[in-house]
Amino acid sequence: MVYQKSCASGGDRFMKDSALYLIHVRECLEKINSYLPENKKDFLETSMVQDAILRNLEIMGESIKKLPQEWKDTQPQIEWIKIGNFRNVLAHEYLGVDLDTVWLIIEDYLPELKKAVTQMCDQLLNGEV
């Protein structure tokens, strides 16, 4: 992976595998941000954008579920379990996904998640986790 060096700087196999999941989360957040249209109307009217964003939310949720709990505990303001549950909805109940809810999540929750993931990467690089 391109970003591996920015989060994983050594350590045992578990640490490297866990760092890869954290990198996946960060990459998904970056992709979502790059795909995101300027407004909700454009999001609701563009199925390709919806597909790209929903897929990255799904991948991100799966990677979050695999992060060590002690890492997630460093960011208690993030609702980690809800993210994993939302991933399950995206993967298994995709016909019932409410795009208005997805837009709300993107606007209201992803910026805070991005901050938390950045802090977790910084903590990992500094040997704090």
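This is a predicted model: local features need pLDDT of at least 70, side-chain atom pairs count only at pLDDT 80 or more; totals for chains, interfaces and linings use all residues.

Trainee: What volume does the largest pocket have?
Mentor: The largest pocket has a volume of about 320 Å³.

Trainee: Which residues are closest to its centre?
Mentor: The lining of the largest pocket has 15 residues, and those closest to the centre are E79, K82, I83, I105 and Y109.

Trainee: And which elements give two or more residues to that lining?
Mentor: Those are α4 (47–65), α6 (80–92) and α8 (110–125). The largest share, four residues, comes from α6.

Trainee: How many of the lining residues are nonpolar, polar or charged?
Mentor: Nine are nonpolar, two are polar and four are charged.

Trainee: Changing topic to α4. What span should its 19 residues have?
Mentor: At 1.5 Å a residue, α4 should span 27 Å.

Trainee: Which residues of α4 are buried?
Mentor: The buried residues of α4 include V49, I53, L54, L57, M60 and I64. Q50, N56, E58, G61 and S63 are also buried.

Trainee: What about I59, how does that one count?
Mentor: I59 lies in helix α4 too. I59 counts as partly exposed because its relative accessibility is 30%, and buried would mean under 20%.

Trainee: How far is I59 from H24?
Mentor: In sequence, I59 and H24 are 35 residues apart. In space they are 7.8 Å apart, C-alpha to C-alpha.

Key:
Residues are numbered from 1 along each chain as its sequence is written. Side-chain values use heavy atoms; hydrogens and water are left out. On a 1 Å grid over the protein atoms alone, a cavity is a set of points where a 1.4 Å probe fits but cannot get out, and a pocket is an open set with protein on both sides within 12 Å along at least five of seven lines; lining residues have an atom within 4 Å of a point. Grid points are joined across faces, edges and corners, and a volume is the space filled by probe spheres set on the points. Ala, Val, Leu, Ile, Met, Phe, Trp, Tyr, Cys and Pro count as nonpolar, Asp, Glu, Lys and Arg as charged, and the others, Gly among them, as polar. The expected span of a helix is 1.5 Å times one less than its number of residues. Buried means under 20% relative accessible area, exposed over 50%, partly exposed in between (1.4 Å probe, protein chains only).
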